[in-house]
Amino acid sequence: MKQSIIIRKRKSVKKGLTYEYRFETASIGGQRKWISKGGFEDEQTARIEGIKALNEYNTCGQVTEPTTMSFADFLDHWLVNDCMASLSENTMINYRKKIKNLIVPYLGKYRLNTIDRDKLQNLLITLHDKGYSYNTLSAVKGILSKCFNYAYYSGYLIKMPAINLKIPKNENTSIPTRQSPHVYLTKEQLSAIFERFPLGSSSYLPLMIGLHCGLRLGETFALTWNDVDFDKKQININKQVQWRQFKRTDEEKKSSNGKKSENCGCWYFSSTKYKSDRVIEIDDELLNYMHSEKESQDDARVYFGDRYARYYETPKREIIQQPTEKEIRFLCVRENGTYITPRTMQHTSRIIHNDLNIKDFDYHSLRHTHATVLLEKGAPLKYIQQRLGHKKIDITLNVYQHLTDNLQQVGTKVLNDIFSSEG
C-alpha cells in the first residue's frame with residue numbers, strides 16, 4: 001500500500017480555520033482505517049506532524065528521520081517502491097542509466113531534505129553546458145519532478161523543490177551536443193571492412209544489414225525470418241534486442257544462452273526506439289544474399305538435427321533455449337544455429353579501429369553512411385526519415401544539415417543554369 005499524507009482544512013466556531021493531517025493504515029477486517037489529528041494553525045505544521053506520525057506508525061513507534069537519507073538511497077527506494085509496478089522494463093532501464101550517470105554523480109551525496117530548487121536547476125544547467133541534448137535534459141527533468149513528487153506526497157518532504165524547472169536554451173552555439181560523431185565510411189573503407197569480414201564470417205550479415213538498411217544495432221540483431229517478406233522485398237522492423245541483468249537459479253542457468261555465471265542475465269525483445277516500427281524495402285543484392293542465407297540455415301537445421309541451437313521466446317519476451325510455444329529463428333546465427341549477439345560488434349569494432357585504422361567506426365557509422373548515400377543520390381528527406389525510423393523529420397534535417405546545404409548549393413547552380421541569359 002502506497003501511503004500519502006493528506007492535509008485538510010477544518011473550520012470550527014472556537015478555533016476558526018485549522019488544519020488536519022490524515023493517512024491510511026492497514027485495514028482491519030477488510031475495512032479501511034485512518035490515523036488523523038487536527039487543530040494545527042497552519043498547513044506546514046500539520047504536514048510536519050503528519051510526517052512524524054507516519055514515520056512512527058511505519059516503524060512501530062521507533063523514531064526515524066527518512067529525510068536524512070542520501071538522495072542516492074532515496075532514488076533507489078523510489079525506483080523499487082513507486083516505479084517498478086507501473087513502468088515498462090525499457091523505461092526502468094533508461095531511468096537507472098540516467099540516475100546512475102547524470103543525477104547521482106552531482107546530487108547523490110546530499111541528504112534528501114537539503115536539496116532545493118536551485119540545486120536541481122543547476123544540475124540541468126551543468127548538463128546543458130556539457131553538451132547533453134534537449135531530449136536527455138527533458139528526461140532528467142522528468143525523473144526529478146516525478147521522484148520529488150513522490151517524496152512530497154509520501155511525507156518525506158514538507159516542500160516540493162522540483163517546481164518550475166527550466167531546460168536551458170542552447171543559445172551558446174560553441175557548446176556541441178554530446179553525441180557520437182556521425183562517421184561517413186568511404187568506398188575504400190567499406191571495401192577494407194568487408195575484406196576483413198568476408199562472406200562466411202559471423203560479422204558479415206550484420207554489417208550488410210547495417211549498410212544496406214540503416215538499422216540500429218538492436219534492430220538488426222532482433223530480426224527473425226518471419227520479419228522478411230521475400231515476395232514484397234521488404235523487412236518488418238518491429239522490435240529490438242536488449243540485455244537484462246539479473247541473478248539466476250541453477251535451473252535458469254541451464255536454459256539461458258549457455259551462460260553459467262550466477263550474476264548475469266539474458267537477451268530479450270523490447271519495442272523499437274521511440275516506437276519506430278516500420279517496413280522498409282530491401283535492395284536486390286541484400287535480398288539475394290538473404291535468400292542464400294535462409295537456404296543454408298534450413299539445410300544446417302537438417303544436418304545438425306538435435307545439435308542445432310534453437311531459441312524460444314517467453315511470455316516476458318526473454319530469449320532462452322528451453323522450449324516454449326514460440327520458437328525464434330534469427331537471421332544472425334552461426335552454422336550450428338548459435339545466436340550471434342550484438343556483442344559481436346564490439347569485437348568487430350576493435351579490429352576495425354586497430355587493424356584497419358578506422359578509429360571512429362561504430363555500428364552507427366553504417367546507418368549514417370546508408371542515409372548519406374541516399375540523400376546524395378536524391379532520395380526525399382521524408383523517405384529517409386521513415387526508413388531510419390526517426391521520430392520527427394527535424395531529427396533527419398539536423399543530422400544531415402551539412403548535406404542539405406550542399407544540395408541547396410547544387411540546386412542554386414542548376415537554377416542559375418536554367419535561367420541564365422546565355423542559355
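1. A word on terms before we start: a residue is called buried here when its relative accessible area is under 20%, exposed when over 50%, and partly exposed in between (1.4 Å probe, protein chains only).

2. Some ground rules. This is a predicted model, in which local features need pLDDT of at least 70 and side-chain atom pairs count only at pLDDT 80 or more, while totals for chains, interfaces and linings use all residues. Residues are numbered from 1 along each chain as its sequence is written, and side-chain values use heavy atoms, with hydrogens and water left out.

3. On to the aromatic rings. Rings of Phe, Tyr and Trp (its six-membered ring) pair if their centres lie within 6.5 Å; planes under 30 degrees apart count as stacked, over 60 as edge-to-face and the rest as tilted. The count by this rule comes to 19 aromatic pairs. One of them is the stacked pair of Phe71 and Phe74, at 6.4 Å centre to centre with 15° between the planes. Both residues lie in helix 2 (residues 71–83), three residues apart, or about one turn of the helix; helices (H or I, at least four residues) and strands (E, at least two) are DSSP runs, numbered from the N terminus. Phe74 is buried, as is Phe71.

4. Phe71 has a further partner worth a look. Its ring and that of Phe148 have centres 5.2 Å apart and planes at 20°, so this pair is stacked. Because Phe71 lies in helix 2 and Phe148 in helix 5 (residues 134–153), the pair ties together parts that are 77 residues apart in sequence. Phe71, Phe74, Phe148, Tyr150 and Tyr156 form one aromatic cluster.

5. Tyr156 lies in the loop between helix 5 and helix 6 and is buried, with a relative accessible area of 14%. Its side chain is joined to that of His77 by a polar contact of 3.1 Å (a pair of N or O atoms within 3.5 Å; within protein, one must be able to donate a hydrogen and the other to accept it, and residues adjacent in sequence count only if both atoms are side-chain atoms). Tyr156 and Arg47 are 109 residues apart in sequence, yet 9.9 Å apart in space, C-alpha to C-alpha.

6. Two lysines are placed over aromatic rings. The charged end of Lys119 sits over the ring of Tyr110, 5.4 Å from its centre, and that of Lys239 sits over the ring of Phe269, 5.5 Å from its centre. The test is that NZ of Lys or CZ of Arg is within 6 Å of the ring centre and within 35 degrees of the ring normal.

7. Which residues touch the most other members of the largest nonpolar core? They are Ile209 and Met290, in a core of 51 residues. Such a core is a set of buried Ala, Val, Leu, Ile, Met, Phe, Trp, Tyr and Cys residues joined through side-chain atoms within 4.5 Å. Several elements each supply at least two residues of this core, among them helix 7 (204–213), strand 6 (240–247) and helix 10 (284–304). Helix 7 gives the most, with seven residues. Leaving aside neighbours within four places in sequence, Ile209 is in contact (heavy atoms within 4.5 Å) with residues including Leu223, Met290, Leu331 and Tyr363. A second, separate core of 34 residues includes Ile99, Leu123, Ile143 and Ala151.

8. Now the charges: the count comes to twelve salt bridges, each a side-chain nitrogen of Lys or Arg within 4 Å of a carboxyl oxygen of Asp or Glu. Glu219 meets Arg216 in one of these (2.8 Å, N to O), and Glu219 meets Arg278 in a salt bridge (2.8 Å, N to O). The latter pair links distant parts of the chain, with Glu219 in helix 8 (residues 217–220) and Arg278 in strand 8 (residues 278–281), 59 residues apart. Glu219 and Arg216 are buried, and Arg278 is buried as well.

9. Asp298 is partly exposed at 27% relative accessible area, and Lys294 is partly exposed at 22%. Elsewhere, Arg8, Arg10 and Glu20 are linked in a network of salt bridges.
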